[in-house]
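Subject: A structure for you to explore

Hello,

Here is the structure I promised to pass on to you. Please open it next to this email and follow along as you read.

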There are 2 protein chains.
Amino acid sequence: MGPGPSNPYPEVMQALARPVVGHLDPEFLVLLDETCDRLRAVFRTSNQVTVPISGTGSAGMEAAFVNLVGPGDSVVVGVNGLFGERMCDVAARCGADVVRVEERWGRALDPQHLLEAHPSPKVIAVVHAETSTGVANEIAALGDGKGDALLLVDCVTSLGGIQVEVDAWGVDVAYSGTQKCLGVPPGLAPLTVSDRARERFVGRSQSWYLDLGMIGAYVGAARRYHHTAPISMVYALHAGLGVLLDEGLEQSWARHEVCGRALQRGLEKLGFSLFAEEGHRLPELTTAWVPDGLEDASARRELLDHYGIEVGGGVGEFAGKVWRIGCMGHTARPRNVTLLLGAVEELFLR
Amino acid sequence: MGPGPSNPYPEVMQALARPVVGHLDPEFLVLLDETCDRLRAVFRTSNQVTVPISGTGSAGMEAAFVNLVGPGDSVVVGVNGLFGERMCDVAARCGADVVRVEERWGRALDPQHLLEAHPSPKVIAVVHAETSTGVANEIAALGDGKGDALLLVDCVTSLGGIQVEVDAWGVDVAYSGTQKCLGVPPGLAPLTVSDRARERFVGRSQSWYLDLGMIGAYVGAARRYHHTAPISMVYALHAGLGVLLDEGLEQSWARHEVCGRALQRGLEKLGFSLFAEEGHRLPELTTAWVPDGLEDASARRELLDHYGIEVGGGVGEFAGKVWRIGCMGHTARPRNVTLLLGAVEELFLR
């Protein structure tokens, strides 16, 4: 129950153990195509370029920036947590002119501030679900008001857990990670790109590995070899997306909602104060101040040692002061919420 | 029996299915440390920065270049196959002044040509085992003569299959992939960097994801969070390296040698002509001209459909004309050689 990786679905673990075949094997290519179709369903998009990037969520972030942003391009970035900060770092390494729009950690960004930060940015970039703070940032208003800008959204901790609507919200580039609400081990970064964004790619991206033109030529109809696909992880993602779509996307969102809210109410009953601003709290990632009298690291270690439950610590200035509790993917079950609340009470509050 | 992925060791598949824990879990960190120790043993190095990069072999290549090479740096690259070409592309995207030293595909590079190509290059880069041609390039002479240059070596298809001596040969940066002679599915790139090379890193690499300073701070003692490690794949690599070191590195080289030479002799007996220059033929990857009367794609499809054996096609101008047959990792067994030779005879030569 840390901020990710979550526990993978059982079907995913079985898929991981399937015999490895080649990255150009006809059966693998069918499975890869199905994986991309399933990603389109989960991202709610018809984008042709919808692929699993061969790296973790941060590789997805880098792939999004290096293909879109070149030296001197203006990029507006919303910064209300660690992953907004990371976007600034990645964009700066592409040579971008970064315009930061800051908000206090724990509070949501105001879309209007992002839209007014620059008269004509090439990209507006924002994190949908800030894993460092448990805050949800609003996306739809950015799509409505973006004008000529491209809207780049980090969906690492949102995809599969709360509503994500790439096409309906006007998102141009979105990426995620497998190890959060998709219930798959870490290792791949689902990514989707609108035609509008593809037309504005930089000529030759500074990354060969994450060059979406070349990746698209392998995953797409051309099947041109780029790099060896991580076969076993693609099996796992294929299976995880299957479980998610069998359950139903809305049903998965509802399950995350029920579990997250139960956890948040339960923690408040036990005397914890929630960290994230009310009305913008993620159900899949709960943040709470560590109560007085509890020593952060040793308490988390006790939970791990006595109950096998991982809980994440705060980051940045909130290290030692805040807990981050994930309820994502297969982990988002009422039994896990009940167990954690019982364990906290048993260990620390008796 | 394609040019990779090879069949993983059974122990590796079991490791893949182990429960996923967090990337900061104390038990995972022990396993990560052991993995790095095992990589040092396999690379034959004491380099402190010896890590699994969270991407496939090509991510290892990119990590090597982006941390070492900045705009205007002179980089000598040996080009006698697809992966030498790829090095030129990756180096150019770093802004390098690339000096190409070419040799015909199928022939080995002359180390002296590489050493004489530029009076004071920052980097001399070469592929040890060219997966596109089946040729072994000599490395030790480059280490002897490199002077102030840094020696960067692609060991994707060599590590575990033939002798690799990072420290004894004076290699400064080496990387590999998991899916060849290590007998692990694709998804990680083992990488090692000498202290000498670390002192000459570019200030801030253009890649955030592959920034070896930041990666080293997570894998090393500081344990500073960078990105979420691909837990399951690290389990798999840990297990694969365990199998390899239990067998013994020299014993693994000898097994690859026996199988590869048996395959090459067997193919010649069946009337195939070998493609790679004699004296520089890799045992783990055999290349042979497709005999007259055999249609490349349909013949390879028959092998796959009737025997479940994958064989790779040629690349570049040799597509349709050459076969690439891997005998790597767990696949490097006499029974597989015998089966393939029997299948070829049965299907095409009766």
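Two residues are in contact if their C-beta atoms, placed from the backbone, lie within 7 Å. Please also keep in mind that this is a predicted model.

**One residue in chain A**

Let's start with Thr45(A). You will find Thr45(A) in the loop that runs between helix 2 (26-43) and strand 1 (49-53) of chain A. Which residues is Thr45(A) in contact with, leaving aside its neighbours within four places in sequence? The partners are Arg40(A), Thr50(A), Val166(A), Asp167(A) and Thr192(A).

Is Thr45(A) buried or exposed? A residue is buried if 20 or more other C-beta atoms lie within 10 Å of its own. Thr45(A) has 22 C-beta neighbours inside 10 Å, so Thr45(A) counts as buried.

**The domains of chain A**

Chain A is assigned two stretches, domain 1 (10-247) and domain 2 (249-348). Taken over C-alpha atoms, the centres of domain 1 and domain 2 of chain A are separated by 26 Å. Their contact takes 25 residues from domain 1 of chain A and 23 residues from domain 2 of chain A.

On the side of domain 1 of chain A that touches domain 2, strand 6 (135-136) and helix 9 (231-247) of chain A each supply at least two residues. Helix 9 of chain A gives the most to that side, with 3 residues. Sorted by class, this side of domain 1 of chain A has 12 nonpolar, 10 polar and 3 charged residues.

**Where the chains meet**

Next, look at the contact between the chains, which takes 39 residues from chain B and 39 residues from chain A. On the side of chain B, two or more residues come from each of helix 1 (10-16), helix 3 (57-68), helix 4 (82-93) and helix 9 (231-247) of chain B.

**Two helices in chain B**

How do helix 9 and helix 10 (residues 249-269) of chain B cross? Their axes come within 5 Å and cross at roughly 90°, which means helix 9 of chain B is roughly perpendicular to helix 10 of chain B. Leu244(B), Leu245(B) and Glu247(B) in helix 9 of chain B meet Leu249(B), Gln251(B) and Ser252(B) in helix 10 of chain B. By class, that contact has 3 nonpolar, 2 polar and 1 charged residues.

**The sheet in chain B**

Last, the sheet in chain B. This open sheet is formed by 7 strands in the order 1-9-8-7-4-2-3, with mixed pairing. Which strands stand at the edges? They are strand 1 (49-53) and strand 3 (97-102) of chain B; each has a single partner strand, so one side of each is left without a neighbour in the sheet. On average, neighbouring strands of this sheet are turned by 15° against each other, direction ignored.

Within the sheet, strand 7 (residues 150-154) and strand 8 (residues 173-175) of chain B run parallel and are joined by 3 bridges. Val153(B) stands opposite Ala174(B) in strand 8 of chain B. Helix 8 (residues 212-219) of chain B packs on the sheet and touches strand 1 and strand 9 (189-193) of chain B. The direction of helix 8 of chain B makes about 95° with that of strand 1 of chain B.

Happy exploring!

Key. Residues numbered from 1 in each chain as written. Chains lettered and ligands numbered in written order. Predicted model: local features only at pLDDT ≥ 70, side-chain atom pairs only at ≥ 80, totals over all residues. Helix = DSSP H or I, 4+ residues; strand = E, 2+ residues; numbered from the N terminus. Buried ≥ 20, exposed ≤ 12 C-beta atoms within 10 Å, placed from the backbone. Domains from an automatic or database assignment. Nonpolar A, V, L, I, M, F, W, Y, C, P; charged D, E, K, R; others polar. Axes fitted to C-alpha atoms, helices over the stretch in contact; angles between N-to-C directions. Parallel < 35°, antiparallel > 145°, perpendicular 65-115°, else oblique. Pairing = 2+ DSSP bridges.
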